[in-house]
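Reader: I would like to learn how to read a structure like this one. Could you take me through its features in turn?

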Amino acid sequence: MASLEERIARLEAESEIRKLKARYLNACDAKDVEAIRACFTPDADLDYRPVGKFGPDGLIEAFTRIAVESPIVDVHQIHNGEIEIVDADRATARWSLGFSTYDPRTGGFRLIGSFYYDEYVRTADGWRVSKSRHEPRTIVDGTIGEGGVTARSILG
């Protein structure tokens, strides 16, 4: 059995990783690109289907184009975090994401149910995402208009 200090360190690491993931998703919803960037290592490897594969700079560029420079409203809801502390400086996790976005200009919306598969490293500034893969399980696109709601599944 691990020592009390080791068990507490694992719990603290898990708590910090949960806070990091929440901070990232809240920053996305707030369109705060600097807070988003601060969640990643500078060399993070990100595979965010259907948006693309890139590092943090590419993520910020895509996010700015898609979200920041538009009136869309996003809601990211993360659930069911399964965090595995590999050692004092590395961890992995799987998360379930419920995502919705709405564009008031067109009445368009998108709903996504997906998993995130993340890798984390402890840095001098705390835990950061070093690798992340977004795996959509379902994507539904639709519109809300005078004629009601239309929607179609494009995945799943």
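Author: Val73 has a relative accessible area of 48%, so Val73 is partly exposed. Val73 lies in strand β3. Keep in mind throughout that this is a predicted model.

Reader: Let me step back to the whole chain. How many helices and strands are there in the chain?

Author: The chain has three helices and seven strands. Read from the N terminus, the order of the elements is α-α-β-β-α-β-β-β-β-β.

Reader: What box do the C-alpha atoms of the chain fill, and what percentage of the residues count as buried?

Author: Along the principal axes, the box is roughly 65 × 30 × 20 Å. The chain has 156 residues, and 37% of them count as buried.

Reader: How should I read a salt bridge?

Author: The general idea is that side chains of opposite charge can pair when their charged atoms come close. In this structure, a search of the whole model finds 11 salt bridges. One of them joins Lys21 and Asp118, with the closest N and O atoms 2.7 Å apart. This pair links distant parts of the chain, since Lys21 is in helix α1 and Asp118 is in strand β5, 97 residues apart.

Reader: Are Lys21 and Asp118 buried or exposed?

Author: Lys21 and Asp118 are both buried.

Reader: Where do Arg37 and Glu34 lie?

Author: Both are in helix α2, three residues apart, which is about one turn of the helix. The side chains of Arg37 and Glu34 form a salt bridge, at 3.8 Å from N to O. Arg37 has 28% relative accessibility, so Arg37 counts as partly exposed. A network of salt bridges links Glu34, Arg37 and Asp57.

Reader: What about Arg105 and Asp103: how do their side chains meet?

Author: The side chains of Arg105 and Asp103 meet in a salt bridge, at 2.7 Å from N to O.

Reader: Why does Arg105 count as exposed, and why does Asp103 count as buried?

Author: The cut-offs answer this: buried means under 20% relative accessible area, and exposed means over 50%. Arg105 counts as exposed because its relative accessibility is 56%. Asp103 counts as buried because its relative accessibility is 14%.

Reader: Which peptide bond is cis?

Author: The peptide bond from Arg49 to Pro50 is cis, with omega near 5 degrees. Pro50 is in the loop between β1 (40–48) and β2 (52–54).

Reader: How do I read a distance between residues that are apart along the chain?

Author: Take Ala35 and Tyr24, which are 11 residues apart along the chain. Their C-alpha atoms are separated by 7.1 Å. Ala35 lies in helix α2 (residues 33–37). With a relative accessible area of 23%, Ala35 is partly exposed.

Reader: Last, the pockets. How many residues line the largest pocket, and which lie nearest its centre?

Author: The largest pocket is lined by 28 residues, and Val51, Ile66, Asp74, His76 and Phe99 lie nearest its centre. The elements that give two or more residues to this lining are α1 (4–30), α3 (56–68), β3 (73–87), β4 (90–103), β5 (108–123) and β6 (126–145). The space in the largest pocket is about 570 Å³.

Reader: How do the residues of that lining divide into nonpolar, polar and charged?

Author: The lining of the largest pocket has 18 nonpolar residues, five polar and five charged.

Note on methods
Residues are numbered from 1 along each chain as its sequence is written. This is a predicted model: local features need pLDDT of at least 70, side-chain atom pairs count only at pLDDT 80 or more; totals for chains, interfaces and linings use all residues. Side-chain values use heavy atoms; hydrogens and water are left out. On a 1 Å grid over the protein atoms alone, a cavity is a set of points where a 1.4 Å probe fits but cannot get out, and a pocket is an open set with protein on both sides within 12 Å along at least five of seven lines; lining residues have an atom within 4 Å of a point. Grid points are joined across faces, edges and corners, and a volume is the space filled by probe spheres set on the points. Helices (H or I, at least four residues) and strands (E, at least two) are DSSP runs, numbered from the N terminus. Ala, Val, Leu, Ile, Met, Phe, Trp, Tyr, Cys and Pro count as nonpolar, Asp, Glu, Lys and Arg as charged, and the others, Gly among them, as polar. Buried means under 20% relative accessible area, exposed over 50%, partly exposed in between (1.4 Å probe, protein chains only). A salt bridge is a side-chain nitrogen of Lys or Arg within 4 Å of a carboxyl oxygen of Asp or Glu.
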